[in-house]
Amino acid sequence: MNLTITDVRLTPILVADPPLLNTQGVHQPYTPRLIVEVETADGVTGVGETYGDTKYLELARPFAAKLAGRKVSDLNGLFTLADQVAVDSSRISGQVDVGGLRGVQTADKLRLSVVSAFEVACLDALGKALGLPVHELLGGKVRDAVEYSAYLFYKWASHPEGVAAEKDDWGAAVDPAGVVAQARLFTERYGFTSFKLKGGVFPPDEEIAAIRALAEAFPGHPLRLDPNGAWSVATSLEVARELGDVLEYLEDPALGTPAMAEVSAGTTVPLATNMCVTTFAEIEEAFTRDAVQVVLSDHHYWGGLRNTQQLAAICRTFGVGISMHSNTHLGISLAAMTHVASTVPDLHHACDSHYPWQSEDVLTERLEFEGGSVTVSDAPGLGVELDREKLAFLHRRWLDDDGSMRERDDAAAMRVAEPGWVTPAVPRW
Ligand SMILES: O=C([O-])C(=O)C[C@H](O)[C@@H](O)C(=O)[O-]
Ligand SMILES: [Mg+2]
């Protein structure tokens with residue numbers, strides 16, 4: 001068996017995304033992703049997927065160029081290699097990502113966000129070469145299926161008029177009744193039993209009413225609200241008081257560890273985050289100050305599946321819960337998320353996934369949710385197959401784009417509908 005990497009292919013694509021609202025704006029009609037393929041001397045191909053904006057592509061290209069001649073089993077070496085890729089200082093800012101809402105941008109985090117796709121591709125190839133599923137390469141699954149939550153969004157019925165876009169069949173959701181109707185569709189289509197509402201879009205009273213309406217429609221089901229740091233400490237505490245009896249957790253009510261610590265000190269509602277703990281360096285302060293009770297992992301920016309397991313071990317050590325965050329992603333990532341989640345013993349919350357919002361994919365067969373869960377594949381590697389025609393179609397869309405969709409920017413997409421829109425300063429309420 002020859003595990004040596006002989007070829008690496010990077011394919012940027014644009015995938016359709018519905019008009020989902022968040023505190024920064026609205027999702028663009030098409031969002032960039034990068035599909036990574038590594039091929040071994042034996043002709044085995046492994047696939048991975050990550051963000052496709054230019055700042056990731058400009059790291060992925062030099063990184064990919066260094067891989068030929070290395071082995072797909074040399075996973076630790078990927079990190080050493082990534083350290084050699086220079087990150088332009090203009091890409092690094094303390095600001096929350098303009099399209100993604102996942103905390104600080106550091107050079108290391110940008111590198112990890114790229115390395116993760118290569119790690120997944122190498123694991124896929126290694127698993128195929130050895131005849132083992134990825135979860136076995138990670139130590140073995142401790143569950144046969146991974147539960148996901150319905151990721152509810154306020155949304156418009158369609159993208160603004162005159163904008164090229166694909167149609168979706170979810171309808172509008174801009175009030176409590178719309179949110180409940182969307183939740184019903186999610187249960188009918190996928191069987192989800194827990195619900196997360198992306199908040200920070202309307203004044204807190206309206207979002208409280210939406211959660212109350214969900215609690216009435218789905219009594220006893222786990223509910224979460226995530227305004228992406230849009231609220232002050234006082235507002236966060238107010239919402240926690242209003243909804244404490246029905247919330248599984250409140251996600252990033254206020255921005256940053258100090259504010260989250262203040263909220264945490266004033267409520268018994270657990271706080272979750274994918275904004276103030278998004279790198280290993282941020283863990284110590286947040287855990288020492290008891291600012292968060294649940295960390296939402298995400299293999300894309302934590303640096304892959306094995307780093308996700310390491311994060312889970314740290315959380316376990318400190319008695320902090322773990323679950324999973326998601327941005328727009330396709331089936332390769334859902335498969336990767338499912339493999340790693342299946343190996344984490346103390347995963348007590350359903351994971352987030354945007355996958356139901358994605359009508360397009362690059363796989364020959366979409367992954368299925370049954371009863372809100374994805375069955376863990378025991379096929380070699382990730383257990384997915386790339387559809388080259390679909391990949392070529394979505395790549396063609398990326399090639400044909402005039403550049404306006406190649407960087408995800410939810411505020412820019414919002415300006416199409418509301419020309420004066422700027423990303424709201426926080427706290428917004
Ligand atoms: O849990 C979160 O904060 C997210 O999922 C961030 C995402 O970017 C979501 O808000 C989105 O895509 O609009
Ligand atoms: Mg969040």
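**Active-site positions, sheet and helix packing in a predicted model**

Lys198 is placed in strand β8, which comprises residues 195-198. In the UniProt record, an unreviewed entry, Lys198 is listed together with His325 under "active site". Although these two positions are spread over 128 residues of sequence, they cluster in space, with a largest C-alpha distance of 11.9 Å. The scores for the model are an ipTM of 0.97 and a pTM of 0.98.

An open sheet of three strands is found with the order β1-β4-β5, and its pairing is antiparallel. In general, the strands of a sheet pair through backbone hydrogen bonds, in either the parallel or the antiparallel sense. The edges of the sheet are formed by β1 (5-16) and β5 (45-51), each of which pairs on one side only, and from one strand to the next the twist averages 20 degrees. Between β1 and strand β4, the latter spanning residues 30-40, the antiparallel pairing extends over eleven bridges, and in this region Ala16 stands opposite Tyr30 of β4.

Helix α1, formed by residues 54-65, lies across β1, β4 and β5 and runs at about 165 degrees to β1. Helix α13, formed by residues 388-400, also packs on the sheet, where it touches β1 and β4, and its direction makes an angle of about 65 degrees with that of β1.

The crossing in which α11 passes α12 is right-handed. On the α11 side the contact involves Leu305, Thr308 and Gln309, which meet Ala336, Val340 and Thr343 on the α12 side. Taken together, the residues of this contact between α11 and α12 divide into three that are nonpolar and three that are polar, with no charged residue among them.

How values were computed: Residues are numbered from 1 along each chain as its sequence is written. Chains are lettered from A and ligands numbered from 1 in the order in which they are written. This is a predicted model: local features need pLDDT of at least 70, side-chain atom pairs count only at pLDDT 80 or more; totals for chains, interfaces and linings use all residues. Side-chain values use heavy atoms; hydrogens and water are left out. A crossing is left-handed if the near helix is turned anticlockwise from the far one by less than a right angle, and right-handed if clockwise. Helices (H or I, at least four residues) and strands (E, at least two) are DSSP runs, numbered from the N terminus. Contact means heavy atoms within 4.5 Å. Ala, Val, Leu, Ile, Met, Phe, Trp, Tyr, Cys and Pro count as nonpolar, Asp, Glu, Lys and Arg as charged, and the others, Gly among them, as polar. Two strands pair if DSSP finds at least two bridges between them. Axes are lines fitted to C-alpha atoms, for helices over the stretch in contact, and angles run from 0 to 180 degrees between N-to-C directions. UniProt positions are given in the numbering used here, feature names are shortened, and annotations may be inferred rather than shown by experiment.
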